[in-house]
Amino acid sequence: MDVDSHPGRKATISREDLIAAALKLIGPHRSVSSLSLREIAREAGIAPNSFYRQFRDTDELAVALIDLAGQSLRKIVGEARQRVATRRSAVRSSIEAFMEQLRADDKLLHVLLREGTVGSDAFKRAVDRELSFFEEELRVDLIRLAGHDGVTLHEPALVARSITRLIFAMGATAMDMTPEKDRELIEEMSTMVRMILAGSRALAQRGETRART
């Protein structure tokens, strides 16, 4: 059936339009993996066949959403870390930026947090890839901040991985909590991250002491 025969349907559609339509449909109890092509097409105002002009299937759209979510969050959290010079304020500002994005209307972070646990293998690989990007950028920043403080970290790559996985796990839990709990959760997450960093510094100091004896 021709698109123009249905009043209100769009003759042309972009990838961004379809992504925006999918984001409108997801929520606390709906993941991208649960959306049907027809639902997304209806929300976007197009005939179902028009969907294929931009994506092969809903899986490809979901992976595009995951990539977009990762890029957006890395930019926001990276900017928060770059604005500060000390380790303590970097931890706090990064977690605050993460939580602000969690409560944002665009739901992008929800895509990352949910699809890594309920999505297909392709979705989980896409989420894992985005987490790996986070870990590498955090590793670089942790080394930078440690140098600024005149300290050394033991296994900074593993530290970055531990922090990233912790924050995302806590974020997944926070999605189902009321925003009123955010301040308490930020304090808890900040303390956990500082404990990881303190342990890494202590291990590094122990290694340096043994090397001198």
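A residue is called buried here when its relative accessible area is under 20%, exposed when that area is over 50%, and partly exposed in between. The model is predicted. It contains 8 helices and 0 strands, and the order of elements from the N terminus is α-α-α-α-α-α-α-α.

**Overall features**

- The protein has 213 residues, and 43% of them are buried.
- Among contacts with a separation of 6 or more, 70% are between residues 24 or more positions apart.

**Helix α2 and its end**

- Helix α2 covers residues 37-44, and its buried residues are L37, E39, I40, A41 and A44.
- An α-helix has 3.6 residues a turn, so residues three or four places apart point the same way.

**Packing of α1 against α2**

- Two packed helices are described by the angle between their axes and the distance between the axes.
- For α1 and α2, the packing angle is about 110° and the axes are 8 Å apart.
- Angles of 65 to 115 degrees count as roughly perpendicular, and α1 and α2 are therefore roughly perpendicular to each other.
- On the α1 side the contact is made by L18, A21, K24 and L25, and on the α2 side by E39, I40, E43 and A44.
- Sorted by class, this contact of α1 with α2 has 5 nonpolar, no polar and 3 charged residues.

**The largest nonpolar core**

- The largest nonpolar core comprises 59 residues, and L18, L65, M99, L112 and F168 have the most contacts inside it.
- Two or more residues of this core come from each of α1 (15-25), α2, α3 (58-82), α4 (87-102), α5 (108-118), α6 (121-149), α7 (156-174) and α8 (182-212).
- Helix α3 gives the largest share of this core, with 9 residues.
- Not counting residues up to four places away in sequence, L112 touches I66, A69, G70, L73, V127, E130, F134 and F168.

**Individual residues**

- A174 is found in helix α7.
- The relative accessible area of A174 is 0%, and A174 is therefore buried.
- Apart from its neighbours within four places in sequence, A174 is in contact with M99, L102, R103 and L185.
- A174 and L185 lie 11 residues apart in sequence, and their C-alpha atoms are 8.0 Å apart in space.
- E135 has its place in helix α6.
- With a relative accessible area of 11%, E135 is buried.
- Leaving aside neighbours within four places in sequence, the contacts of E135 are A160, R161, T164 and R165.
- S34 is in the loop between α1 and α2.
- The relative accessible area of S34 is 37%, and S34 is therefore partly exposed.
- S34 and T58 are separated by 24 residues in sequence and by 9.6 Å in space, C-alpha to C-alpha.

How values were computed: Residues are numbered from 1 along each chain as its sequence is written. This is a predicted model: local features need pLDDT of at least 70, side-chain atom pairs count only at pLDDT 80 or more; totals for chains, interfaces and linings use all residues. Side-chain values use heavy atoms; hydrogens and water are left out. Buried means under 20% relative accessible area, exposed over 50%, partly exposed in between (1.4 Å probe, protein chains only). Helices (H or I, at least four residues) and strands (E, at least two) are DSSP runs, numbered from the N terminus. A nonpolar core is a set of buried Ala, Val, Leu, Ile, Met, Phe, Trp, Tyr and Cys residues joined through side-chain atoms within 4.5 Å. Contact means heavy atoms within 4.5 Å. Axes are lines fitted to C-alpha atoms, for helices over the stretch in contact, and angles run from 0 to 180 degrees between N-to-C directions. Angles under 35 degrees count as roughly parallel, over 145 as roughly antiparallel, 65 to 115 as roughly perpendicular and the rest as oblique. Ala, Val, Leu, Ile, Met, Phe, Trp, Tyr, Cys and Pro count as nonpolar, Asp, Glu, Lys and Arg as charged, and the others, Gly among them, as polar.
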